[in-house]
Amino acid sequence: MPNGTALWKDDDWNPGWGRLAVARNGVLTLTTSDGIASADLNLGGSAFVDVFATEHWLAAVGHAASELVIGHREGPRVDVAANLPRLERTGTGLDAHAARFHPRPHHDQCVLAWEIGVALIDPWAGVVWSFVHDDVDQRLLSVGECAVELVGLRRSFSVMLADGAATAEALPENSDVDVETVAEWRRSIGR
């Protein structure tokens, strides 16, 4: 059964089969009964990494970092699998970062949703596909059998799990939406 956590710098976590630790300098270390593996990460301003783990593998990304890491129980192995486009820090109040992993039903994969995109992650292939929607108001509604459903304030997306093809639908304008409503929406999606 998949599980996850926010792993803070200078802390460690046991996904049930080993120990994952992240040092203040960005070194991510995976220790299992088979040995130790590590990777030097550029975590930038990340105070923690978001981690998704199954019985055999894990995926991790810094909350404000671009490097996606995949680790394997056997070996163990830890590798940077991809660099994701992340929201640039602008100082405008829209620079909060969010990364969340979601299990893909009936598959040994997960979906990573972050502030401006979504990607299908496979333990062996890494990033199978990614879709950058560039809309900080999007939130992941569901991961179904065939598609990932996202919705924002002005449009929604359906992203096919098979190939990452996306369709967008404009949502009706609501002239009654005020600044406080938008602020509450952003708070509810972790921004």
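Analyst: What follows goes through confidence, the sheets, the aromatic pairs and a few single residues.

User: What is the mean pLDDT of the protein chain?

Analyst: This is a predicted model, and the mean pLDDT of the protein chain is 89, with 86% of its residues reaching 70 or more.

User: Where is confidence lowest, and where is it highest?

Analyst: Helix α1, residues 179-188, has the lowest confidence with a mean of 65, whereas strand β12, residues 117-122, has the highest at 98. There is also a stretch to treat with care, residues 90-95, where the pLDDT is below 50 and where the model shows 6 contacts beyond near neighbours in sequence.

User: OK, on to the sheets. In what order do the strands of the open sheet with β14 come?

Analyst: That open sheet has 4 strands in the order β14-β15-β16-β17, with antiparallel pairing. β14 (139-143) and β17 (166-170) each have a single partner strand, so they stand at the edges and one side of each is left without a neighbour in the sheet. From one strand to the next, the twist averages 20°.

User: How many bridges pair β16 with β17?

Analyst: Strand β16, residues 155-160, pairs with β17 over 5 bridges in the antiparallel sense.

User: Changing topic to the rings: how many aromatic pairs does the count come to?

Analyst: The count comes to 4 aromatic pairs. In one of them, tryptophan 8 and phenylalanine 48 have ring centres 4.8 Å apart and planes at 55°, so this pair is tilted. Because tryptophan 8 lies in strand β1 (residues 3-8) and phenylalanine 48 in strand β6 (residues 48-53), the pair ties together parts that are 40 residues apart in sequence.

User: Are those two buried or exposed?

Analyst: Tryptophan 8 counts as partly exposed at 45% relative accessibility, whereas phenylalanine 48 is buried, with a relative accessible area of 18%.

User: What kind of pair do phenylalanine 131 and phenylalanine 157 form?

Analyst: Phenylalanine 131 and phenylalanine 157 form an edge-to-face pair, at 5.2 Å centre to centre and with 65° between the planes. Phenylalanine 131 is in strand β13 (residues 126-132) and phenylalanine 157 in strand β16, so the pair ties together parts that are 26 residues apart in sequence. Phenylalanine 131 is buried at a relative accessible area of 17%, and phenylalanine 157 is buried at 6%.

User: And which residues do ring pairs link into a cluster?

Analyst: Ring pairs link Phe52, Trp57 and Phe101 into a cluster.

User: Now some single residues. What does the side chain of serine 46 reach?

Analyst: The side chain of serine 46 reaches the backbone nitrogen of alanine 65 at 3.3 Å. Serine 46 is in the loop between β5 (35-40) and β6, and it is buried, with a relative accessible area of 1%. Apart from neighbours within four places in sequence, serine 46 is in contact with Lys9, Gly62, His63, Ala64 and Ala65.

User: Last one, where is leucine 68, and what does it touch?

Analyst: Leucine 68 is in strand β8, residues 67-72, and counts as buried at 0% relative accessibility. Not counting residues up to four places away in sequence, leucine 68 touches several others, among them Ala59, Val61, Val80, Leu84, Phe101, Leu112, Ile121 and Val127. The C-alpha atoms of leucine 68 and leucine 41 are separated by 9.3 Å, and these two residues are 27 residues apart along the chain.

Key. Residues numbered from 1 in each chain as written. Predicted model: local features only at pLDDT ≥ 70, side-chain atom pairs only at ≥ 80, totals over all residues. Heavy atoms only, no water. Pairing = 2+ DSSP bridges. Helix = DSSP H or I, 4+ residues; strand = E, 2+ residues; numbered from the N terminus. Axes fitted to C-alpha atoms, helices over the stretch in contact; angles between N-to-C directions. pLDDT = per-residue confidence, 0-100. Contact = heavy atoms within 4.5 Å. Phe/Tyr/Trp six-rings, centres within 6.5 Å; stacked < 30°, edge-to-face > 60°. Buried < 20%, exposed > 50% of the residue type's maximum accessible area, 1.4 Å probe, protein only. Polar contact = N/O pair within 3.5 Å; in protein donor to acceptor, adjacent residues only side chain to side chain.
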